[in-house]
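Here is a short tour for anyone who likes to think about a protein in terms of its charged pairs and its domain contacts. Have the viewer open as you read.

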Amino acid sequence: MKYTMQNLLKEDRLFSVSQRFKEGARVKDRSLFDLADNNYCDYWQKEAENLHWFKTWDRVLDWQPPHAQWFIGGKTNISYNCLDRHMPALKDRIAYFWRGEYEGCERMYTYGDMHEWVQKCANGLKKLGVKKGDRVAIYMPMIVEAVVAMQACARIGAIHTVVFAGFSSHALAERINDAECTLVITADFVHRKGKKIPIKKQVDEAVKDCATIEHVMVFSTVEESCAMTSKRDVWYHELVEGVANVCSAEPMDAEDPLFILYTSGTTGKPKGIVHTVGGYMVGAYTTTKYVFDIKDSDVFWCTADVGWITGHTYVAYGPMLNGMTQVMYEGAPNYPHKGVFWEIIQEYEVSIFYTAPTAIRMFSKWGADILKAYDLGSLRLLGSVGEPLNPEAWMWYHEHVGNKKCPIVDTWWQTETGSIMITNLPSIDKQKPGYAGKPLPGIEVELVDESGNQIQHGSGLLTIKKPWPSMLRTLWKDDARYRATYFRSPDYDTYYCGDAAAKDEDGNIMIIGRVDDVINVSGHRIGSMEIESALVDHEAVAEVAVVPKPHEIRGEAIVAFVILKEHILPDDALKNTLKKHVVDMIGAIARPETIIFTQDVPKTRSGKIMRRLLREMVHDLPLSDMTTLANQEVVSSLKEHYQFAKSRS
Ligand code: PRX
């Protein structure tokens with residue numbers, strides 16, 4: 001089993017914040033926790049009351065496990081709450097400072113600008129025939145237009161499904177088809193490390209296989225044009241010529257779907273996580289406010305791409321629900337130079353910086369000297385998300401980015417949870433490197449063993465005991481999979497997140513990692529079976545088993561054990577071809593780091609691949625229980641193969 005005591009870290013360093021930080025904090029004591037402990041519905045209701053509802057809810061919660069409905073009967077709109085609710089008071093406040101990746105390319109948009117832009121875009125969508133409940137795919141670079149597109153959908157009640165622009169056209173088509181989207185919103189080019197990548201071309205490739213697509217709406221980012229298919233494709237700027245810049249927000253039922261976001265699971269098919277308007281909005285609003293301890297003067301920078309849940313909740317919605325000023329950067333952390341993140345923090349006086357452990361480990365590898373050229377004095381709070389933040393990386397972040405004065409919120413959550421679930425609020429709890437901390441108010445977690453029995457000490461499966469507003473409601477068109485993946489019979493009332501965790505004596509939680517066949521590469525979730533399906537799609541491949549191995553920077557890397565069809569020559573050229581095939585089928589994030597050609601993989605008598613043994617092998621761990629292994633002889637030869645491959649890499 002992956003979540004054993006040997007994975008536990010011994011850590012006794014504790015860090016507190018200054019008295020000044022505590023005095024100025026939004027949460028000064030445990031009263032919010034007490035309120036939520038007493039009655040979690042009252043707590044969430046109180047938070048929901050801070051937002052605008054066209055009609056107040058009749059009931060806060062209806063919990064028919066495993067299905068929750070929140071704010072039943074309430075009518076609201078998240079785009080209204082991000083924009084109209086702040087008018088006219090925040091009309092001139094900067095909503096986004098946007099930095100393009102090439103020198104001197106920067107723009108800023110006020111809340112007034114965003115309000116007008118989103119309304120115009122919403123009218124453009126209507127002109128294309130998009131209606132409430134229609135699905136719209138968004139495949140965009142990190143430009144403010146992506147947020148505009150999301151909010152425009154939300155404004156008219158269309159359900160957006162953002163697909164990370166690093167996914168291949170094949171992966172895009174798969175998601176468009178599953179959601180039966182009628183429109184794709186995209187841009188002509190993405191700027192990436194000095195190159196212009198023709199993203200619209202990827203969409204053209206994808207929609208060839210998508211029967212439901214009626215239109216492709218394209219934002220122009222460079223002056224060159226891209227090929228447009230007449231009648232189907234429209235330039236955004238031409239579409240909105242002459243359209244009104246007022247579009248009132250559609251009163252949405254609290255339980256109407258807001259978006260679908262695909263994430264990886266244990267089968268080859270991605271899961272369409274469904275979030276609804278009211279509950280998601282309350283979760284995004286509340287967690288942004290408390291976890292980041294926000295102030296009017298803050299400049300918030302979450303580096304996540306809008307294609308992931310972090311970019312949804314903490315770039316597109318949460319900060320805007322709170323009227324915050326944000327920074328958005330189009331480019332990579334090492335382009336045009338390795339100090340670009342620090343340059344941005346200095347230039348826009350970023351006060352809250354939220355990034356991924358992978359990035360922190362990369363920065364530490366590049367060395368602290370790079371940071372010395374910049375003034376990072378504006379920073380007051382740091383955050384981390386997506387994978388375990390190991391103590392060494394925590395300390396580096398604390399010392400070199402935070403100058404030993406900024407608290408770090410290590411936030412645990414998932415696409416499914418919609419918003420942050422576990423983290424220590426630095427104003428009331430100490431920070432412990434390697435530990436996410438304690439659940440937020442209204443969230444009750446429990447560690448259990450395989451049979452569901454509570455574990456008081458040590459490690460176990462992380463479960464969530466009570467429903468919360470921003471929880472996923474179902475999987476798109478697959479409620480049976482929702483029930484089977486996240487809940488267990490007979491009660492179906494406890495959410496199993498798929499992670500193992502451990503608790504210290506003070507109740508701080510350390511996330512150990514996934515217990516299913518999901519790999520976390522640089523904070524991106526990829527299913528082993530998704531990669532296996534992509535590899536067996538290649539004509540040379542007979543069978544595959546994919547497992548993660550530890551990686552110094554990326555947390556985990558992908559190792560594929562590949563059995564070739566007879567008479568196929570196992571050479572390095574084929575390895576590269578297969579890696580490219582995975583990139584074409586899924587995207588660069590799924591590229592296997594190591595491919596090992598083998599004659600066989602360990603299997604049970606019923607023919608199921610025993611990935612557990614392969615995982616142990618690549619982690620250099622002793623192999624555990626082999627009683628169900630049918631082909632014993634394969635293990636020693638594979639071990640040799642693997643050691644040989646390792647010595648060559
Ligand atoms: O394994 C956990 C890891 O990321 C998974 C969720 O991935 P995703 O849905 O893509 O969302 C990522 C951003 C919210 C979790 O099941 N994870 C997320 N945050 C942490 C983490 N692992 C350790 N520490 C965290 N702070």
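This is a predicted model: local features need pLDDT of at least 70, side-chain atom pairs count only at pLDDT 80 or more; totals for chains, interfaces and linings use all residues.

The protein is split into domain 1 (19-323 + 415-427 + 465-480) and domain 2 (524-648). Their centres, taken over C-alpha atoms, are 36 Å apart. Domain 1 brings 18 residues to the contact and domain 2 brings 14 residues. Together the two domains bury about 1,100 Å², with 49% of that area on carbon and sulfur atoms.

Polar links also cross this boundary: ten residue pairs are in polar contact, both residues being at pLDDT 80 or more. On the domain 1 side, helix 7 (residues 169-179) supplies the largest share, three residues. That side consists of five nonpolar, ten polar and three charged residues. Two salt bridges are counted between domain 1 and domain 2.

**Salt bridges across the structure**

Side chains of opposite charge can pair when their charged atoms come close.

| Pair | N to O distance |
|---|---|
| Lys208 and Glu205 | 3.1 Å |
| Glu444 and Lys466 | 3.3 Å |
| Glu446 and Lys465 | 3.7 Å |

How exposed are the partners? Lys208 is exposed at 61% relative accessible area, while Glu205 is partly exposed at 41%.

The pair of Glu444 and Lys466 links distant parts of the chain, 22 residues apart. Glu444 is partly exposed at 33%, whereas Lys466 is buried at 18%.

Glu446, in strand 21, and Lys465, in the loop between strand 22 and strand 23, are 19 residues apart. Here Glu446 is buried at 14% and Lys465 is partly exposed at 29%. Elsewhere, salt bridges with shared partners join Lys200, Asp204, Arg232 and Asp233 into one network.

**A covered helix and a buried glutamate**

Helix 12 (residues 340-348) is mostly covered, with seven of its nine residues buried. Among them are Phe341, Trp342 and the charged Glu343. After helix 12 comes Glu349, which has a positive phi near 50°.

Glu556 sits in strand 29 (residues 555-564) and is buried, at 15% relative accessible area. A polar atom of the Glu556 side chain lies 2.8 Å from the backbone nitrogen of Asn520.

Conventions. Residues are numbered from 1 along each chain as its sequence is written. Side-chain values use heavy atoms; hydrogens and water are left out. Domain bounds come from an automatic or database domain assignment. Contact means heavy atoms within 4.5 Å. Buried area is the accessible area (1.4 Å probe) that two parts lose on being put together, summed over both. A salt bridge is a side-chain nitrogen of Lys or Arg within 4 Å of a carboxyl oxygen of Asp or Glu. A polar contact is a pair of N or O atoms within 3.5 Å; within protein, one must be able to donate a hydrogen and the other to accept it, and residues adjacent in sequence count only if both atoms are side-chain atoms. Helices (H or I, at least four residues) and strands (E, at least two) are DSSP runs, numbered from the N terminus. Buried means under 20% relative accessible area, exposed over 50%, partly exposed in between (1.4 Å probe, protein chains only).
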